[in-house]
Amino acid sequence: MRVIKIFDTTLRDGEQAPGCSMNLGEKIEVAKRLEKLGVDIMEAGFPASGTGDLESVKAISLAVKECTVAALCRCLEKDIDAGREALGKAASPRIHVFLATSPVHMEHKLRMTEGQVLQQAVDSVKYAKKFCNDVEFSAEDAFRSDPDFICRVFSEVIRAGALTVNFPDTVGYAMPDEFAQRVRYVKEHTPGIEKALLSVHCHNDLGLAVANSIAAVASGADQVECTVNGIGERAGNASLEEIVMSLQVRRDHFNAATRIDTTQIYSISRMVAQVTGVKLQPNKAIVGDNAFAHEAGIHQHGVLANRETYEIMTPQSIGIVQNQIILGKHSGRHAFEERLKDLGLTAESGAFEKIFADFKDLADKKKNVSDRDIEALVMDNTVSVPETWKLDHWTVNTGSALGASGVVRLQHKEGRFEKVACLGDGPLDSLFKAINKIIDRQPELELYELGAITGGSSSQGETMVKIALNGRRWNGRGVSTDVIESSIKAYLSAVNAMLYEIEQKDK
Ligand code: KIV
Ligand code: ZN
């Protein structure tokens with residue numbers, strides 16, 4: 001059976017999409033989960049992009065040891081130098097260089113001829129090769145490029161030392177049969193292709209990124225580039241979970257496997273949705289809330305008689321655990337620890353005590369603590385930057401006649417307290433204004449979303465916010481049984497991410 005490499009680009013192509021940005025702490029947590037998931041390569045960022053990626057690729061290179069860490073670079077020496085610096089501590093580094101090869105990109109974006117593109121691609125691979133044995137070359141917009149030119153470029157970059165050549169459908173234009181044919185053509189007409197791995201990278205503009213990726217696997221592609229939940233530019237990239245489960249469920253058809261531990265899929269999908277604030281549609285394949293729900297009576301009857309009537313894979317195969325034991329205020333440390341394990345969640349020993357204490361607090365307020373509640377507690381305690389300000393207490397008075405007045409008291413990391421009262425257009429407006437006064441900055445609130453973690457009136461409120469200042473954006477998330485408190489926590493966590501980044505820059 002062939003083994004297909006999974007190249008995850010959630011932290012690069014995914015993260016660069018509008019609204020998907022993650023802070024450094026979140027990127028490291030996602031990287032650790034990707035490692036646990038078993039991806040072969042994770043693309044950790046674009047170090048020369050000037051958006052903090054140099055630091056995050058460095059940090060991920062230190063945190064991850066079980067898989068290759070890739071850095072994306074344009075075919076420019078300064079980019080490759082940044083990639084080399086960022087990957088300095090990686091156990092298994094890969095420099096990934098790219099250059100566009102389609103007529104429209106060469107003429108209007110690069111203003112270069114075919115000959116110049118070929119030369120720059122070869123020179124860059126040679127340059128990268130001086131520092132890193134594992135070099136990948138991507139022909140951006142390959143699908144809209146002349147196939148014979150692609151074969152020539154691939155052949156030359158392989159001669160220059162590229163160990164992987166990547167064939168992207170950058171604008172999501174291909175149809176699955178055409179894409180499969182093109183991949184076969186490249187395999188058959190590129191001299192020296194047997195010395196390299198052939199990769200594909202599909203975007204989802206026509207909703208065909210996964211179909212094109214797996215059609216390419218059937219045509220001989222050795223590596224697939226994808227992102228968790230399919231996040232990425234415009235309509236996104238090919239979704240990792242859909243590709244992996246397609247290959248797994250239809251092993252009979254593809255005679256190919258991946259090294260992914262599929263039982264980690266559900267938890268990483270939820271984590272990426274939470275840190276990016278990009279929610280999944282309920283009917284999203286594999287990981288949507290309804291992916292294993294059976295509503296129609298006839299379906300329920302069939303599933304009760306035998307799950308295989310309407311299920312082609314089990315929820316357990318992607319890591320959804322249906323627990324019979326309900327956790328509540330009488331549950332002890334051992335039961336809680338076991339549930340974390342079942343959910344594929346890990347807490348560093350220091351964090352465990354705090355998460356367990358939060359669980360006990362929650363169990364006092366809420367009769368049954370659901371698995372979703374537990375995921376939220378773990379997220380709250382593991383994915384955060386150091387807090388500049390902590391919420392001490394808040395009060396709000398609101399009504400239909402006089403508007404709202406809110407008071408917030410925060411504690412600074414150096415110990416002092418600040419308390420401010422503000423009037424506002426509603427309770428949240430008054431409280432957020434009070435926080436802005438304390439921090440002496442006015443970020444813009446670009447997104448505010450309030451949801452319930454589970455159903456029912458005792459559910460915890462989960463708030464996601466995005467704030468922006470001077471063109472930079474930060475996400476925040478807060479959970480509480482009180483929706484106003486979850487909103488303050490979310491706003492404050494975005495504010496802390498912003499202040500941390502500003503502080504790091506000023507150092
Ligand atoms: O879509 C694309 O072509 C890319 C390349 C940089 C691989 O993301
Ligand atoms: Zn891409």
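Student: Which residues does P386 touch, not counting residues up to four places away in sequence?
Tutor: This is a predicted model, in which local features need pLDDT of at least 70, side-chain atom pairs count only at pLDDT 80 or more, and totals for chains, interfaces and linings use all residues. Residues are numbered from 1 along each chain as its sequence is written, chains are lettered from A and ligands numbered from 1 in the order in which they are written, and side-chain values use heavy atoms, with hydrogens and water left out. Contact means heavy atoms within 4.5 Å, and on that basis, leaving out residues up to four places away in sequence, P386 touches N496 and Y500.

Student: Where is the place of P386?
Tutor: Helices (H or I, at least four residues) and strands (E, at least two) are DSSP runs, numbered from the N terminus. With elements named in that way, P386 has its place in the loop between α16 (371-382) and β11 (389-397).

Student: Is P386 buried, partly exposed or exposed?
Tutor: Buried means under 20% relative accessible area, exposed over 50%, and partly exposed in between (1.4 Å probe, protein chains only). The relative accessible area of P386 is 49%, so this residue is partly exposed.

Student: Is T101 buried or exposed?
Tutor: T101 also belongs to a loop, the one between β5 (93-100) and α5 (103-110). Because its relative accessible area is 1%, T101 is buried.

Student: With the side chain of which residue does the side chain of T101 make a polar contact?
Tutor: A polar contact is a pair of N or O atoms within 3.5 Å; within protein, one must be able to donate a hydrogen and the other to accept it, and residues adjacent in sequence count only if both atoms are side-chain atoms. The side chain of T101 has such a partner at 2.8 Å, and that partner is the side chain of S145.

Student: Which residues are the protein donors of the zinc ion (ligand 2)?
Tutor: Donors are N, O and S atoms within 2.8 Å of the metal (3.2 Å for Na, K and Ca), and water is not among the atoms, so sites may look incomplete. Both H201 and H203 are buried. Lying 2.0 to 2.1 Å from the zinc ion, the protein donors are D13 (OD), H201 (NE2) and H203 (NE2).

Student: How many of the 10 residues of helix α9 are buried?
Tutor: Helix α9 spans residues 209-218 and is mostly covered. Among its buried residues are A209, N212 and V217, and the number of buried residues is eight.
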